[in-house]
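This briefing is meant for a reader who is new to the structure shown here. Please look over the sequence and the model before turning to the points that follow.

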Amino acid sequence: MNRTTLTFFGAVAALAAVTGVAAVTVPSESSRPTAKTAERLPVQRSTLVCPPPPSSEVGETTYTAFTPQGKGGASGSQKSTGTPTADMLPVGGSSSGGSGGKKDEKGKKDGKDGKDSKGSKDPKDSKGTAKPVVSVKEPGKPVTADTDSSDAPALFGSADGALAPGWSVQQTTTISAGSGRGVQGLTCAAPDTSFWFPGASTGKSRQDYAHLTNPDNTPAVVDLELYGKDGRIKAPTGEGVNVPPRSTVRVLLSTLTSQPAEDVVVHVAARSGRVGAAVQASDEKTGGDWLPASAEEASGAVFPGVPADATSVRLVAFAPGGSDADLKIKLAGKSGSITPAGHESLHVKSGMMATADLGAITSGEAGSLLLASEGGSGKVVAALRVTRGKGDKQETAFIPATRPIEERGTVADNRAKGSTLSLVAPSKDAEVKVTSSAGSEGGTPVSKNYSVKAGTTLAVDPPKPGGGKGAFAVTVEKTSGGPVYASRMLALPEGGVPMFTIQTLPDDRGTVEVPEAEQRLSLLND
């Protein structure tokens, strides 16, 4: 009995290290020895999906990939199965047959139903092994790749071994003119079966597309649900969207409903399979950016890094559960937290969306918005739409509710000028270590320690790599104290327009809790 039990735990440990699944709990027996405290070990595999870049004849896209040093998946008692890899491939190609790297991947044109598909008809898939678009070779050294194609495909890839823990890929597109003008940035995310996007729009001035990318070799079927201030919006054409294997389907949200709305919440729910999902938002007057998915529904929310010069901040929240949510609103600034006058609280009815126009809430001092539940009310998903500039020189970005950094978080694409790191400790003092990697064209990493007081936001320029050139990654590690949330603003002004994008730094979940090493060794020895 003891030998069988140890072998089972060993199998669970191996599975957890590969997939990130938490340890399984088995009922105790009097005859079984007491298990020791589980330990945290590096994950052995990570997967990411990048949507197709915005389609623009004047757009330029940079991919930056990076794995931080330390916590390598092949270290310690774990066995390496060979040279680790971290490759992003064009969707439509495969490891056994692909299109050969960064060549454009042509797909169907937009149809009358507002949907189009890319990647499922690549004529070169069967001619050879796909060439990675961007590939990390060793931890601590970022790698970049560029494209100016208006029809570039989505990317999908995986990292294993020492390159898996904390592997991050950033997609940054600069569009100098036209619809969606601005910097459109996104941290590529893992495929999943459910995503919430508060802050999307079906309004007349907006062109918002949901990008659904199926990285697998089997079809996926997805429902696109829309919610507004009065609850579920009828959108029958959003039900049962077929996403063919290894392809991307774009859906123009305004085609799903006959009634335009300035703000909607989009729920992407996969009936079968899994997808990568993101919403590309474009506005005629205020440019555009990617809207990432909100963090999992929770009784509160944190939005780190609202810029000091924000001219408009709009909060969109939705309560997906069966209970209403009553939320207190606070702004954590440089010196402490305040309650914005006239915006002390927000009531969100179950199954409905609520909004708050907070205006120029930061008043010249960078801050972070905090939502806290009143009296144990329901849970929400939420996001901020942030605008900088005035008149015809406006630019917009989004800050979704994000997870805290429990151990470590990374953002890959930073420049010598224009990067601002924001750190907020909502409840307790915290200490963090910030490390800027070597540049993509050389240099040495530099680290600096920061203290973040409870209820405050610390906005700093991250340290620059020693003698470095090119893009660099910024990694934040919590060393002590309470919860810490972080974001990075990348500002690339052009022609008087304050073009910018903001990416949050949730915990990279580079480690997973598994049973003790003795139990794992049982599997290896059997």
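Arginine 206 pairs with aspartate 208 in a salt bridge (a side-chain nitrogen of Lys or Arg within 4 Å of a carboxyl oxygen of Asp or Glu), and their closest N and O atoms are 2.7 Å apart. The model is predicted, so local features need pLDDT of at least 70 and side-chain atom pairs count only at pLDDT 80 or more, while totals for chains, interfaces and linings use all residues. Residues are numbered from 1 along each chain as its sequence is written, and side-chain values use heavy atoms, with hydrogens and water left out.

**Salt bridges**

- The structure holds 14 salt bridges, and both arginine 206 and aspartate 208 are buried (under 20% relative accessible area, with exposed over 50% and partly exposed in between, for a 1.4 Å probe and protein chains only).
- Arginine 385 and glutamate 262 meet through their side chains at 3.4 Å, N to O.
- Arginine 385 is buried at 16% relative accessible area, whereas glutamate 262 is partly exposed at 47%.
- Glu262, Asp263, Arg314 and Arg385 are joined in a network of salt bridges.
- Aspartate 508 forms a salt bridge with arginine 408, with 2.7 Å between the closest N and O atoms.
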